[in-house]
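Here are a few exercises to work through with the model open beside you. Try each task before you read its solution.

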Amino acid sequence: MSDAVALPGQPRGFVTSGPATARAVNILAPNASAMTLDGTNTWLLSEPGSDLAVVIDPGPLDDGHLRAVIATAEQAGKRIALTLLTHGHPDHAEGAGRFAELTGTKVRALDAALRLGDEGLAAGDVIRTGGLELRVVPTPGHTSDSLCFHLPADRAVLTGDTILGRGTTVVAHPDGRLGDYLDSLRRLRSLTVDDGVHTVLPGHGPVLEDAQGAVEYYLAHRAHRLAQVETAVENGFVTPGAVVAQVYADVDRSLWPAAEWSVRAQLEYLQDHGLIPGGPE
């Protein structure tokens with residue numbers, strides 16, 4: 001057994017630009033960092049034999065990257081007909097306006113402030129372009145506007161930052177809420193059980209071959225972290241910073257500010273459920 005197979009979700013090795021499924025091609029943005037891992041995965045989707053394509057998350061405002069996405073489509077004999085956003089964080093969405101200028105496409109998103117055109121995105125929407133079918137799955141939690149896209153023909157789901165190809169995601173408090181995030185993970189688990197989804201095409205990191213395993217790992221990880229935070233508070237560590245120092249001691253300190261977002265979300269969740277002091281009376 002390789003190390004990759006032993007990891008949660010069975011990641012597919014290194015992150016590279018190129019085909020990931022029969023209908024999905026990744027173009028990796030040059031914005032690698034501790035928060036974005038190898039960079040943002042911009043996804044180019046099209047039905048085999050079609051001359052139309054859909055782009056999910058153009059990525060940062062990097063003209064070279066945006067033009068590389070267009071060039072990838074053109075080299076395959078395709079025209080980009082639509083741009084979709086999983087959520088509004090800059091590493092996914094900042095380049096959307098410029099990308100729309102370059103391609104003449106509309107931009108559809110849950111957040112009306114991010115849209116270019118009259119149509120948004122909502123739960124249950126089915127997007128059909130050039131024979132390609134995508135189903136919109138609401139997955140708030142990382143942010144309030146987070147969406148995933150179910151690609152039934154490839155038994156795949158594009159998850160943005162809701163599930164990453166490596167590590168776990170941040171619940172970006174106060175916009176992101178842990179209760180919503182847990183519900184979203186359960187919604188994704190139902191896709192793996194009821195709809196046969198087995199592949200995760202994430203916003204960062206490698207493709208995952210075991211979608212159900214990835215979701216189960218995320219749910220278990222969240223339960224473990226909640227228990228750790230509850231114990232820390234019981235032991236007198238009540239501020240977010242103090243909890244981070246206790247619970248995330250094994251995490252690179254450069255990531256502690258982001259970890260504090262998640263801790264704030266966890267404290268709010270525990271308070272709302274009456275598990276630690278400070279919740280609703």
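**Exercise 1. Find which residues of H2 are buried, and work out how they sit around the helix.**

Step 1: Pick out the buried residues of H2, which are His-65, Leu-66, Val-69, Ile-70 and Ala-73. Buried means under 20% relative accessible area, exposed over 50%, and partly exposed in between, with a 1.4 Å probe and protein chains only. Helices (H or I, at least four residues) and strands (E, at least two) are DSSP runs, numbered from the N terminus.

Step 2: Look down the axis of H2: the buried residues fall within an arc of 140°, so they line one face of the helix. That arc is taken over the directions from the helix axis to the C-beta atoms. As background, an α-helix has 3.6 residues a turn, so residues three or four places apart point the same way.

Step 3: Turn to the face away from the buried side, where you'll find the exposed residues Glu-74 and Gln-75.

Step 4: See what the buried residues of H2 pack against: strands E2 (24–28), E3 (41–45), E4 (52–56) and E5 (79–84), plus helix H4 (96–103). Contact here means heavy atoms within 4.5 Å.

A word on ground rules: this is a predicted model, so local features need pLDDT of at least 70 and side-chain atom pairs count only at pLDDT 80 or more, while totals for chains, interfaces and linings use all residues. Residues are numbered from 1 along each chain as its sequence is written, and side-chain values use heavy atoms, with hydrogens and water left out.

**Exercise 2. Describe how H5 and H8 cross, and say which residues meet.**

Step 1: The axes of H5 (residues 178–194) and H8 (residues 256–272) come within 8 Å and cross at roughly 90°. Axes are lines fitted to C-alpha atoms, for helices over the stretch in contact, and angles run from 0 to 180 degrees between N-to-C directions.

Step 2: H5 and H8 are therefore roughly perpendicular to each other, a label that covers 65 to 115 degrees.

Step 3: On the H5 side, Leu-178, Gly-179 and Leu-182 meet Ala-265, Gln-266 and Tyr-269 of H8.

**Exercise 3. Decide whether Gly-39 is buried or exposed, and list what it touches.**

Step 1: Gly-39 lies in the loop between E2 and E3.

Step 2: Gly-39 has 0% relative accessibility, so it counts as buried.

Step 3: Leaving aside neighbours within four places in sequence, Gly-39 is in contact with Leu-28, Ala-29, Asn-31, Ala-32, Gly-203 and His-204.

Technical notes. Angles under 35 degrees count as roughly parallel, over 145 as roughly antiparallel, 65 to 115 as roughly perpendicular and the rest as oblique.
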